[in-house]
Amino acid sequence: MYPPSLVVTFTKKSSVKMAKLTSLFVISLSFFCISEAVFEDQVGKFDWRQQYVGKTLFAHFESNTQSSKKMFVATDKNIFASFNSRTGDLLWRHVDKTGPEGSIDILLLHGQDALMVVGDGRLLRSWDTNIGGLNWEAVLDTGSFQAACFVAIQDTVKLVAVLKKAALSLHYLSNGHQKWVENLPDSDAVQYQAVYSGGEEEVYVLGVVPNSHLTIIAYSLEDGEIIKQSLDLEVSPGFQPVLVSSQPHPARSPLSEFFLQLGPDHHVLLQLNADGYTIAPLRDFQPAFLVSFATTGKKTVAAVMTPKNETVMLRHSCDPNPRWLSPLSFPLQACAINLFSVDSGRRLLDTTVLFPLELNGGKPHALYVHAFLKKDDSVGYRVLVQTQDHALTFIQQPGRVVWTREEALADVVTMEMVDLPLTGTQAELEGEFGKKADGLFPMVLKRLSSQVTLLQAWLAHLWKLFYEARKPRGQVKNEVTIETLSRDEFNLQKMMVMVTASGKLFGIDSKSGSILWKHYLENVQPNAAFKLIVQRTTAHFPHPPQCTLLIKDKDTGLATLHVFNPIFGRKSHIALPALPRPILQSLLLPVIDQDYAKVLLLVDDQYKVTAFPSTKNVLQQLQEMASSIFFYLIRSDQGNLSGFRLRKDLSTERIWEVVLPTEVQKIVAVKGKRPNEHVHSQGRVMGDRSVLYKYLNPNLLAVVTESTDTHPERAFVGVFLVDGVTGRIIHEAVQRKARGPVHFVHSENWVVYEYWNTKSRRNEFSVLELFEGTELYNSTVFSSLDRPHLPQVLQQTYIFPSPITTMEATLTEKGITSRHLLVGLPSGAILSLPKMFLDPRRPEVVTEHSREENLIPYAPEMPIRTEWFINYNQTVARVKGIYTAPSGLESTCLVVAYGLDIYQTRVYPSKQFDVLKDDYDYVLISSVLFALFFATMISKRLAQVKLLNRAWR
Amino acid sequence: MSDRIVDGVRKHTPSILLFFDESPFSLLWLWLSTEKRKQIKSEKIGIILYIAMASPGGQGGGAVSTRGAGARRMKWALELSLGNARGRGDRQSNQGDVMYPIGYSDKPVPDTSIQETDKNLVEKRCWDVALGPLKQIPMNLFIMYMSGNTISIFPIMMVCMMAWRPIQALMSMSATFKLLENSNQQWLQGLVYSVGNLLGSALAIYKCQSMGLLPTHSSDWLAFIEPPQRMEIMGGGMVL
């Protein structure tokens with residue numbers, strides 16, 4: 001079922017000469033065109049970047065001396081990175097492929113070498129930890145990875161053993177060459193789980209036969225011969241112990257002491273006696289959240305994290321039932337970490353470290369201890385604590401937090417930018433206008449007093465400027481705190497509210513990038529869907545701003561609402577509606593209640609609507625305007641688009657349905673227009689000075705489909721423009737021999753999409769523009785129900801020299817500024833592409849009219865100019881999304897690119913036409929003005945004298 | 001007429017000449033300032049002065065004379081009234097003359113008017129006035145052609161002048177009628193005069209039109225179109 005295509009693409013070059021001419025023209029045009037690049041002295045002035053690595057899976061410290069500064073982490077984002085342990089700064093970082101192909105299975109550290117198994121046992125890599133360079137890489141045989149360990153021959157580590165599901169292989173540490181590989185016996189029945197070498201001539205492999213017994217095989221180091229096979233340990237069903245043991249050096253046998261976890265916060269330190277058969281308990285830790293071993297020199301210590309609260313300890317000791325001991329069941333203030341001697345189980349004195357728990361933070365999740373010998377031969381240590389919200393905290397004795405990294409920000413799901421509130425004085429001045437008059441005299445007095453306070457504030461500001469101007473630039477550091485936050489002159493500083501996949505919310509100051517508040521939502525499923533809605537902005541002064549986060553659990557379908565103040569991050573205590581049924585979608589109405597909060601409608605799986613807030617006032621308003629409220633739902637799995645109309649009793653009726661058969665194509669994405677988008681010009685001026693009016697349908701949806709058939713000859717990409725109210729298909733464009741992923745932007749009267757052309761094997765941009773024609777059908781109101789004429793659709797396609805990862809359009813306050821497309825490239829660059837280049841009216845042959853219209857002649861190749869990169873060398877790894885927000889200046893658009901890193905900057909698509917340049921020479925201009933003024937005065941005087949003299953002659 | 005011009009120049013020149021010695025800007029400035037004062041044939045002054053400046057030797061027709069070139073930096077200055085041209089002692093002796101305006105004569109002027117030719121002269125003079133605007137039209141056409149249709153400062157200035165002169169003339173019609181009072185064909189002349197001015201302004205409007213300054217196209221009103229009001233509220237999306 002291929003819909004008929006109305007597409008005309010101009011991808012043919014008319015002739016070589018023409019192309020040359022046009023390229024010349026484009027080049028000459030580019031000189032007059034926008035130059036986006038920043039100057040050297042502007043680097044970091046308006047932009048900042050933060051780099052993250054993700055949730056830590058493995059962490060190692062460089063060496064066991066007090067002065068060592070390096071630590072290494074491998075994360076779930078397939079990143080291997082090194083931190084400076086003094087500051088928490090990133091020293092270097094290696095970003096591997098996303099997905100299982102680049103996943104890090106294990107990280108082992110020995111001396112200067114870091115060994116890593118990547119991609120479920122696909123590759124074995126060795127890194128030089130000093131500079132982060134790759135020593136070697138070896139491809140391993142297929143098979144899923146189980147375990148790996150270092151193997152030592154005569155006290156030096158020379159080999160590494162990798163255990164796969166069905167094979168064991170040994171590799172040289174120096175070059176990665178394989179020494180031998182042996183198949184494991186009975187690999188179908190036995191689950192091999194561990195590999196171990198104790199410095200002897202043997203490698204041991206441990207396997208478990210489920211519900212039966214353990215098996216241990218010893219291999220000879222020399223040739224991989226099976227030396228002995230023991231099948232003697234029986235296990236009972238349901239045996240799931242968690243064992244924490246430590247082997248300080250691969251050349252020696254492990255410690256005979258180990259931890260056994262009995263409950264969520266119950267650990268026992270046990271010792272295996274010398275005879276190898278009896279186990280003696282050394283110490284019982286209850287409650288103890290986390291335990292870890294650390295070795296320095298010849299000493300090995302055990303670090304144990306316990307809750308600090310005394311009363312909790314008491315309650316636990318009287319309560320014998322371990323099921324009650326969940327660490328989440330009571331609020332904690334802090335945790336204490338203590339060191340214990342492993343030999344005896346005794347506590348070491350003066351080793352307590354306090355770990356303060358934040359009120360809205362996560363609970364501790366993992367503990368990495370860096371122990372070292374102090375000068376007096378006692379054991380000192382620093383500890384890296386990972387909490388459930390993926391934050392890493394590095395603590396020094398006695399409880400000083402050295403640094404904290406919020407690694408949850410490596411996975412931002414959605415974000416919004418909220419205006420900052422006015423300062424107290426500004427708010428007072430604003431409030432003056434709202435009040436009723438209480439006499440002329442008091443009002444005058446009040447006005448005078450507020451003017452005086454404003455003057456004071458201004459003088460203080462001037463003084464501060466003067467004071468800071470004397471300091472060198474590097475030293476000036478504005479401390480931003482929540483209390484001092486206020487809107488600046490041009491509303492360029494905003495609060496970035498970021499929602500991360502781990503369920504942690506952040507409030508980040510857009511100017512400095514500092515985290516001003518964080519709030520961890522517990523019990524958020526890892527695959528939950530989020531939708532962030534700003535219900536009330538800061539414009540309604542006595543009422544605080546209000547954001548609502550809709551969290552939908554994908555498994556149960558049930559949704560919860562988290563309502564909070566976006567400036568302070570505090571949860572609002574508002575009566576939330578009961579949501580017993582799974583929620584399908586939400587819809588924010590422009591209707592406001594008496595507290596100026598916009599009304600949010602939640603649609604459940606029976607197509608019933610719940611309003612939030614649902615006061616009487618709101619319900620009444622909803623009843624009045626129910627007939628003009630529509631919503632649409634798209635079920636990608638059924639290929640179904642359906643539209644609904646709201647009834648007065650808050651139920652709905654289905655009014656249209658479009659089915660795209662799922663056997664042919666599947667719906668990939670849908671985008672409407674942004675509700676805060678303003679279009680200043682209703683049409684385009686032609687060369688003959690007539691107007692081509694834009695088709696600005698606020699209810700238009702762009703639906704993108706991809707074919708299920710992925711064969712290069714038959715694959716296609718479809719773009720449907722559907723009216724969301726009536727379900728009418730306004731236009732359909734099908735790109736044959738094209739494949740996704742399709743990235744697209746839908747704004748004003750145009751849709752720009754990017755796809756992979758399977759025939760020509762290149763990326764292509766295509767632009768669709770909709771025009772109403774030279775006459776407007778109805779210039780005062782727009783109703784989708786009364787639009788008899790279909791718009792004229794123009795389309796052009798261009799070749800783009802790079803694949804892209806995301807795309808967004810700039811947004812300004814009034815929509816006067818020309819638009820740019822912000823394109824995230826896989827290289828980490830963000831390209832600001834003028835929309836002018838993506839204009840379907842670009843002519844093939846230049847005429848008088850097209851020149852008058854400033855249309856660039858059509859050229860199939862879209863250029864990428866390096867000065868269009870808005871982030872110069874501050875690459876953003878794995879850009880996932882770009883968020884644009886208008887500022888108070890019409891020329892300026894705020895941009896946040898997020899992915900693994902977060903990058904914030906400003907863009908000026910039409911240059912800064914409404915503000916003096918950053919490097920404007922005030923001194924020169926004012927001195928010239930003053931000089932001219934005085935020159936005029938003096939010359940006037942001289943002329944007078946001269947006249948007088950002449951008169952006397 | 002010429003002494004009026006000279007009069008006007010005298011009042012304005014000194015300070016200018018001090019600072020803009022021999023520069024073309026002084027000419028422009030002069031031209032503009034005189035233009036502002038009275039409606040006079042400005043080009044002539046420019047030419048006069050330019051000639052004056054081109055010959056600083058002092059032969060400048062009595063209106064310009066050299067000063068002591070040793071100590072003073074100025075090379076020349078305008079000495080326009082006769083009184084100033086004389087020395088100091090001269091002035092004291094002739095103190096009685098100062099009381100009378102320039103050109104005053106004690107002797108009565110004999111009446112030499114001749115009726116018949118005078119009438120014709122008045123008639124001729126009045127037709128000159130009436131046909132003045134029409135005579136300017138070919139000149140204006142030439143200027144229009146020369147200035148082109150690009151929008152820049154000089155064409156705009158030309159157009160403004162072209163538009164402003166007829167309007168001003170039409171506004172001061174009563175004064176013109178007073179001039180034509182003595183003529184027999186006063187009404188016809190008035191009509192011709194106003195038609196000439198109207199034609200002049202029509203020409204200016206045509207020039208504006210061809211330069212694209214008139215809001216005659218729909219695109220000129222595009223900025224004033226308000227975005228249409230939205231009748232339906234719509235939202236939704238993929239099932240979460």
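A salt bridge, as I use the term, is a side-chain nitrogen of Lys or Arg within 4 Å of a carboxyl oxygen of Asp or Glu. Keep that in mind for the interface.

First, the ground rules. This is a predicted model, so local features need pLDDT of at least 70, side-chain atom pairs count only at pLDDT 80 or more, and totals for chains, interfaces and linings use all residues. Residues are numbered from 1 along each chain as its sequence is written, chains are lettered from A and ligands numbered from 1 in the order written, and side-chain values use heavy atoms, without hydrogens and water.

Now the interface of chain A and chain B. Contact means heavy atoms within 4.5 Å. On that basis, chain A brings 53 residues and chain B brings 31 residues. The buried area is about 3,800 Å². That is the accessible area, with a 1.4 Å probe, that the two parts lose on being put together, summed over both. Carbon and sulfur atoms give 60% of it. Three residues stand out on chain A: Q682(A), R689(A) and R953(A) supply 19% of the area that chain A buries against chain B, more than any other three.

How many salt bridges are there between chain A and chain B? The count is 1. R689(A) pairs with D220(B), and the closest N and O atoms are 3.6 Å apart.

Which element gives the most to the side of chain A that touches chain B? That is β40(A), with 7 residues. Helices (H or I, at least four residues) and strands (E, at least two) are DSSP runs, numbered from the N terminus. By class, this side of chain A has 29 nonpolar, 15 polar and 9 charged residues. Nonpolar means Ala, Val, Leu, Ile, Met, Phe, Trp, Tyr, Cys and Pro; charged means Asp, Glu, Lys and Arg; the others, Gly among them, are polar.

Strands pair if DSSP finds at least two bridges between them. One partner pair is F630(A) with M234(B).

Next, salt bridges over all chains. The count is 29. One of them joins K494(A) and D419(A), at 3.0 Å from N to O. K494(A) lies in β31(A) and D419(A) in β30(A), so the pair ties together parts 75 residues apart in sequence.

On to chain B. An unreviewed UniProt entry annotates residues 142–167 and 187–206 as "transmembrane region". Such annotations may be inferred rather than shown by experiment. Residues 142–167 of chain B are 81% helix, with end C-alpha atoms 20 Å apart. Residues 187–206 of chain B are 100% helix, with end C-alpha atoms 28 Å apart.

Last, backbone details in chain A. Most residues other than glycine have a negative phi, and most peptide bonds are trans. The bond from F612(A) to P613(A) is cis, with omega near -5°. P613(A) sits in the loop between β39 and α5 of chain A. G740(A) and P741(A) are also joined by a cis bond, omega about 5°. P741(A) is in strand β49 of chain A. R761(A), not a glycine, has a positive phi of about 55°.
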